[in-house]
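I opened my notebook today to look a few things up in a protein model. Here is what I wrote down, entry by entry.

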Amino acid sequence: MSLIKEKYRNSIWYNLLAMLIIAIIFYMLFFAALGRITGHGEEVKMPVLVDRNVTDAVKVLEAQGFEIDIDSSFEMKKQPGIVLSQLPDTGQFVKKGRTVFIIINKTQPPPTEMPNLSGVSYRTAEIVLKSNKLRLGDTIHRPDIANGAILEALYQGKVVNAGDMLPQGSKITLVIGDGLGNVEFDVPDVVGMTYPEAIAVLNASGFQFIHVWEGRITDSQTAVIYGQFPEAKNECGAINTIKEGQLIDIKVSQTAPVLMQASPQNTSRGNKK
């Protein structure tokens, strides 16, 4: 009997079976230990990070044993430093030690180019501003023949031109043409005045104007108005009137031409001299 047992123990199949059993035992022990070492099976439910301040979000993730990778983007309607998105998403079960990716809103908005809005409609301007990541602020209506068209764009109370760089999310105020008013005003006589004097009179009266330079202007402070349209008086000597929002053309020269346009008012000035 002992000879049979000894023979059986020395057989190849016996040794192979013993080795297989030992291998299985080591395999089970290895993965049991690996699970303890790596935290296998220890998963945590991802917290809500979106719309939280980045400082709070980082504290929550670090407390739960996550690695953190932070990137940034910009959204006009979100506060600076707010979490915009996260990966893995809220509610997913994630193993401890995994890297969580979060995107936060930039604290300083990047610059964007001011588009050309001159002459376009209000609706078009609104769409163009949005596409350039700018916001529509207030609207100001000004009497002008270009009814409904954009006359100017303002940023922080100052005129802004196409191509100027502004922070994304800036509010732009639009000055919109409101058509011609029904009230008529007497046309002021600025012929013979210096350019600064004429501008002061027109601005004080609320008139809009276009200046036409004649020849070389070396000093606008001493330049003279030698013509205007419409004129202050008609051929019969009656005072001309102009509707609110209409333009007055003024012709400017460095020195008054010999044949300067003269109204009866200017003639009376000369006679007094």
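**Aromatic rings.** I looked for paired rings in this predicted model, and the count came to one aromatic pair. My rule was that rings of Phe, Tyr and Trp (its six-membered ring) pair if their centres lie within 6.5 Å; planes under 30 degrees apart count as stacked, over 60 as edge-to-face and the rest as tilted. The ring centres of Tyr 195 and Trp 213 are 5.1 Å apart and the planes stand at 50°, so I wrote this pair down as tilted. Tyr 195 belongs to helix α5 (residues 195-205) and Trp 213 to strand β13 (residues 208-214), so the pair ties together parts 18 residues apart in sequence. Helices (H or I, at least four residues) and strands (E, at least two) are DSSP runs, numbered from the N terminus.

Are these two residues buried or exposed? I used relative accessible area: buried means under 20%, exposed over 50%, partly exposed in between (1.4 Å probe, protein chains only). Tyr 195 counts as buried at 14%, while Trp 213 counts as partly exposed at 37%.

**Ground rules.** I number residues from 1 along each chain as its sequence is written, and my side-chain values use heavy atoms, with hydrogens and water left out. As the model is predicted, local features need pLDDT of at least 70 and side-chain atom pairs count only at pLDDT 80 or more, while totals for chains, interfaces and linings use all residues.

**Salt bridges.** How many salt bridges are there? I counted two, taking a salt bridge as a side-chain nitrogen of Lys or Arg within 4 Å of a carboxyl oxygen of Asp or Glu.

- Asp 51 and Lys 78 meet through their side chains at 3.0 Å, N to O. Asp 51 is partly exposed at 45% relative accessibility, and Lys 78 is partly exposed at 33%.
- Glu 126 pairs with Arg 123, with the closest N and O atoms 3.2 Å apart. Both lie in helix α4 (residues 122-131), three residues apart, which puts about one helical turn between them. Glu 126 is partly exposed at 30%, whereas Arg 123 is exposed at 53%.

**Helix α3.** Which residues of α3 are buried? I found Val 54, Ala 57, Val 58 and Leu 61. Seen down the axis of α3, these buried residues fall within an arc of 100°, so they line one face of the helix; the arc is that of the directions from the helix axis to the C-beta atoms. Lys 59 and Ala 63 are exposed on the other side of α3. The cover over the buried residues includes β2, β3 and β5 (99-105).

I then checked both ends. At the start of α3, a side-chain oxygen of Asn 53 comes to within 2.8 Å of the backbone nitrogen of Thr 55. Gly 65 follows α3 and has a positive phi, near 85°.

**Whole protein.** I ended with the overall figures. The protein has six helices and 16 strands, and buried residues make up 28% of its 273 residues. With contact meaning heavy atoms within 4.5 Å, 73% of the contacts between residues at least 6 apart in sequence join residues at least 24 apart.

Conventions:
Polar contact = N/O pair within 3.5 Å; in protein donor to acceptor, adjacent residues only side chain to side chain.
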